[in-house]
Amino acid sequence: MYLHLGNDAVVRADEVVAVFDMDNTTVARQSRGFLAKAQRTGKIIDICDDLPKSYIVTNSNGITRVYISSVSSRTIAKRARSARFADTENNEFAVYLKNR
């Protein structure tokens, strides 16, 4: 399944490592350091039109990318959960419904 991150950016849901709230996590020195290093190494993909609300870390075949999004981390997490439920082949809930 795919996960829409905002502004026409889509990633495979199984590639998402973490979703972070920009306001809460950038207070910590480690988070700021992580984002600074990602910026220096060209791993940041800015998909914002407005103020950034979240950043999403993905890993595909050992390549890490960090998407900066104007969509809230809560909304992205909800989308990730519904993408998992939409996967009818590998979803326990869908298997439950099919076997009823």
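Predicted model: local features only at pLDDT ≥ 70, side-chain atom pairs only at ≥ 80, totals over all residues.
Colleague: How many aromatic pairs does the structure hold?
Modeller: There's 1. Phe20 and Tyr55 make it up, with ring centres 4.9 Å apart and planes at 25 degrees.

Colleague: Why do you call the pair stacked?
Modeller: Because the planes are at 25 degrees, and planes under 30 degrees apart count as stacked.

Colleague: Which strands do the two residues lie in?
Modeller: Phe20 is in strand S3 (residues 16-21) and Tyr55 is in strand S5 (residues 54-60), so the pair ties together parts 35 residues apart in sequence.

Colleague: And Tyr55, buried or exposed?
Modeller: Buried, with a relative accessible area of 1%. Phe20 counts as partly exposed, at 29%.

Colleague: What does Ser73 touch?
Modeller: Setting aside residues up to four places away in sequence, Ser73 touches Val19, Phe20, Asp21 and Ser54. Ser73 sits in helix H3 (residues 73-86) and counts as buried at 17% relative accessibility.

Colleague: Switching to H2. What should its 12 residues span?
Modeller: At 1.5 Å a residue, helix H2 (residues 29-40) should span 16 Å, and the end C-alpha atoms are 16 Å apart, which agrees.

Colleague: Which residues of H2 are buried?
Modeller: Ser31, Leu35 and Ala38. They're on the same side of H2, because they cover an arc of only 60 degrees around the axis.

Colleague: OK, cores. Which residues are in the largest nonpolar one?
Modeller: It has 9: Leu3, Leu5, Ala9, Val11, Ile47, Ile56, Tyr67, Val71 and Ile76. Strand S1 (2-6) and strand S2 (9-12) each supply at least two residues of this core.

Colleague: What is Val11 in contact with?
Modeller: Leaving out neighbours within four places in sequence, Val11 is in contact with Met1, Tyr2, Leu3, Leu5, Val16, Thr58 and Tyr67.

Colleague: What lies apart from that core?
Modeller: Another core, of 8 residues, including Met22, Val57, Val66 and Ile68.

Methods. Residues numbered from 1 in each chain as written. Heavy atoms only, no water. Phe/Tyr/Trp six-rings, centres within 6.5 Å; stacked < 30°, edge-to-face > 60°. Helix = DSSP H or I, 4+ residues; strand = E, 2+ residues; numbered from the N terminus. Buried < 20%, exposed > 50% of the residue type's maximum accessible area, 1.4 Å probe, protein only. Expected span 1.5 Å × (residues − 1). Arc of directions from axis to C-beta. Contact = heavy atoms within 4.5 Å. Core = buried A, V, L, I, M, F, W, Y, C linked by side-chain atoms within 4.5 Å.
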